[in-house]
Amino acid sequence: MSDEARVLPGQGSDHPYLRSALSHCLLMAASFVMLYPILWMLAGSLRPAEDLFGGGASLIPSQVTVNAYPQGWFGLQVNFGHFFLNSLLISSLATLGNVFAASLAAYAFARLKFFGRNFWFALMLGTLMLPYHVTLIPQYVLFLNLGWINTWLPLIVPKYFAVDAFFIFLMVQFFRGIPRELDEAAQMDGCSPWRIYYKIILPLSLPVLATAAIFSFIWTWEDFFGPLIYVSDMNLYTVQLGLRSFVDSSGTSSWNELFAMSVLSLIPIFLIFLFFQRLLIEGIATTGMKR
Amino acid sequence: MSVSERSAAATGTGESAMLARSFRGAVRRNAPGYVFLAPWLIGFLCLTLGPALVSLYLSFTDFDLLQAPNFVGMQNYVRMATADPKFIAAMRVTFLYVILSVPLKLAFALAVAMMLNRGLTGLPIYRAVFYLPSLLGASVAIAVLWRQLFAADGMINSVLAVFGIEGPSWISNPRYSLYTLVVLSVWQFGSPMIIFLAGLRQIPTDMYEAASLDGASSSRQFWKITLPLLSPVIFFNFVIQTIEAFKAFTPAFIVSGGTGGPINSTLFYTLYLYQEAFGNFRMGYASALAWVLVIIIAIFTAFSFLSTRYWVHYDE
């Protein structure tokens with residue numbers, strides 16, 4: 001009886017140790033299955049081209065070579081270094097815009113009193129659910145008329161207008177948790193809203209700003225649809241578009257090079273994941289992000 | 001001018017002065033809010049609301065990007081419903097994808113979250129490993145990888161060959177190609193799993209203790225405690241993942257080389273929309289497709305919210 005009383009959620013077993021060992025076995029097996037495809041791609045990128053289909057499912061290449069990396073890097077008319085630089089620039093500029101514009105709007109919604117605040121807030125939440133396809137074609141026509149097609153502007157400029165309401169929502173939640181006494185005291189001392197925003201709210205919100213920045217960067221880095229529609233000059237390609245051209249141009253003949261470039265394209269995300277894992281997981285757990 | 005007239009004029013100017021003052025006061029009170037809101041507001045009006053209304057109008061036209069749009073009434077919507085087998089195929093594929101991938105993904109997410117919630121050592125490591133595919137999954141690299149995994153001579157068939165099974169060419173066989181994308185989606189169960197984990201932490205352990213004291217089996221505890229108390233989180237994950245599944249694009253595009261093939265078997269709704277808009281330049285028709293997607297998502301969301309009273313338990 002007393003044994004059972006200490007049982008944790010879902011643990012109805014008489015043999016807690018056995019059960020925990022069993023759980024570990026199961027979870028380790030599951031982890032292996034989850035990571036296997038990625039490891040297989042990594043192994044594939046280290047295989048010689050002749051080893052084309054001989055490798056099968058094994059993770060250990062019969063012969064390790066890094067030739068696929070330089071070959072893939074220079075495999076298209078424009079080298080991948082160019083694509084990486086483009087992606088890095090676009091993602092950084094987009095991230096800056098997202099964090100800046102979203103934090104301004106979030107501060108207004110969370111802290112300032114103005115006529116129509118609840119109305120605009122409701123509309124902002126409404127846009128969270130709206131699929132972007134519905135604005136796609138008029139936006140395309142707008143950018144076409146502005147002469148922005150085949151530039152990066154359609155990928156960057158909208159972020160400076162906080163079009164991704166998700167980040168506003170994320171920040172509003174956080175700003176609301178900052179004690180109001182702080183800005184009320186500052187207001188008594190004659191601080192303007194602008195000063196309160198950048199002297200009090202922003203410094204206290206570094207975790208949420210970092211979370212927004214990280215997700216913004218990753219989503220822009222992985223974005224395929226935007227560049228696909230707006231960018232056609234290969235010199236302006238992002239990494240994702242470069243990979244797609246690689247698929248089209250090589251078919252299945254040089255898949256080790258394709259894998260090598262795919263591995264490289266994931267490295268920035270993987271590094272962010274390694275260093276900012278806690279922020280990513282907390283961001284998802286507290287606000288429920290889609291991915 | 002009589003005294004009364006003069007006093008009336010005085011009050012008049014007094015009133016207008018007061019009005020002017022209160023107007024200035026209103027401006028002073030509201031200005032900071034609108035200054036901070038300005039970037040979003042401009043973006044909302046010019047990049048979201050405006051374009052959404054324009055696309056609603058375009059959906060009733062034959063706009064082709066080159067010539068001015070002509071109003072054609074309901075023609076686009078009628079064509080969709082009656083004369084477009086590709087639209088029907090795209091709907092079929094998309095609904096099948098949503099119906100298969102979302103419940104499977106959530107089931108995996110919940111099962112693994114429950115295992116991780118038992119206070120096992122190494123939780124952060126497992127959590128990280130299971131979350132990684134969610135983070136990487138949207139990129140072209142993973143779609144490329146999936147194409148190779150399920151190719152005729154890919155990894156999956158090599159594994160099957162070990163057991164003496166000769167697997168088909170999953171990607172190029174219309175019977176199986178969609179299922180490879182379902183597997184790809186289920187593989188990314190990490191982010192709903194993290195949300196489930198956060199939800200499971202909120203359930204007080206003494207409820208389980210009391211239930212065990214009363215002799216409730218663990219499956220009974222699952223149905224009577226875990227599921228009801230987790231239902232708001234399940235609801236949230238369900239809505240978000242379903243909407244995301246309706247919007248899926250990249251994997252189908254890469255796996256099928258942009259065609260939605262073989263034989264339209266991976267023709268996701270968004271992929272068809274893309275083909276119509278940017279392949280055939282039927283911008284009016286594509287706008288109508290976009291609005292049908294909005295309506296589908298709106299109906300789905302409304303029904304989900306209506307259903308909550310039957311199965312979602314909120315704290316009173």
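Modeller: Two residues are in contact if their C-beta atoms, placed from the backbone, lie within 7 Å. The model is predicted, so local features need pLDDT of at least 70 and side-chain atom pairs count only at pLDDT 80 or more, while totals for chains, interfaces and linings use all residues. Residues are numbered from 1 along each chain as its sequence is written, and chains are lettered from A and ligands numbered from 1 in the order in which they are written.

Start at A:Ile168. Leaving aside neighbours within four places in sequence, A:Ile168 is in contact with A:Ala102, A:Ala105, A:Ala106, A:Phe109, A:Met124, A:Ala162 and B:Trp40. A:Ile168 belongs to the largest nonpolar core, which has 146 residues (buried Ala, Val, Leu, Ile, Met, Phe, Trp, Tyr and Cys residues joined through C-beta atoms within 7 Å). Buried means 20 or more other C-beta atoms within 10 Å of a residue's own, exposed means 12 or fewer, and partly exposed lies in between, with C-beta atoms placed from the backbone. A:Ala102, A:Ala105, A:Ile168 and A:Met171 have the most contacts inside this core. Helix α4 of chain A, residues 80–111, gives the most to the core, with 13 residues. Helices (H or I, at least four residues) and strands (E, at least two) are DSSP runs, numbered from the N terminus.

Chain A puts in 76 residues and chain B 84. The side of chain A that touches chain B splits into 52 nonpolar, 17 polar and 7 charged residues (Ala, Val, Leu, Ile, Met, Phe, Trp, Tyr, Cys and Pro count as nonpolar, Asp, Glu, Lys and Arg as charged, and the others, Gly among them, as polar).

Now chain A as a whole. Chain A has 14 helices and 0 strands. Of its 291 residues, 41% are buried. Among its contacts with a separation of 6 or more, 74% join residues 24 or more positions apart.

Helix α2 of chain A runs over residues 16–45. Its 30 residues reach 43 Å from first C-alpha to last, close to the expected 44 Å (1.5 Å times one less than the number of residues). A kink of about 45 degrees lies at A:Tyr36, shortly before the proline A:Pro37 (the angle between axes fitted to the seven residues ending there and the seven starting there). Buried in this helix are A:Leu27, A:Met34, A:Trp40, A:Met41, A:Gly44 and A:Ser45.

The domains come next; their bounds come from an automatic or database domain assignment. Chain A is divided into domain 1 (2–65) and domain 2 (77–287). Their C-alpha centres lie 33 Å apart. Where they meet, 6 residues of domain 1 are in contact with 7 of domain 2. The domain 1 side holds 3 nonpolar, 2 polar and 1 charged residues.

B:Glu276 lies in helix α12 of chain B, residues 269–279. B:Glu276 counts as buried because 23 C-beta neighbours lie inside 10 Å. Not counting residues up to four places away in sequence, B:Glu276 touches B:Arg282, B:Tyr285, B:Ala286 and B:Leu289.
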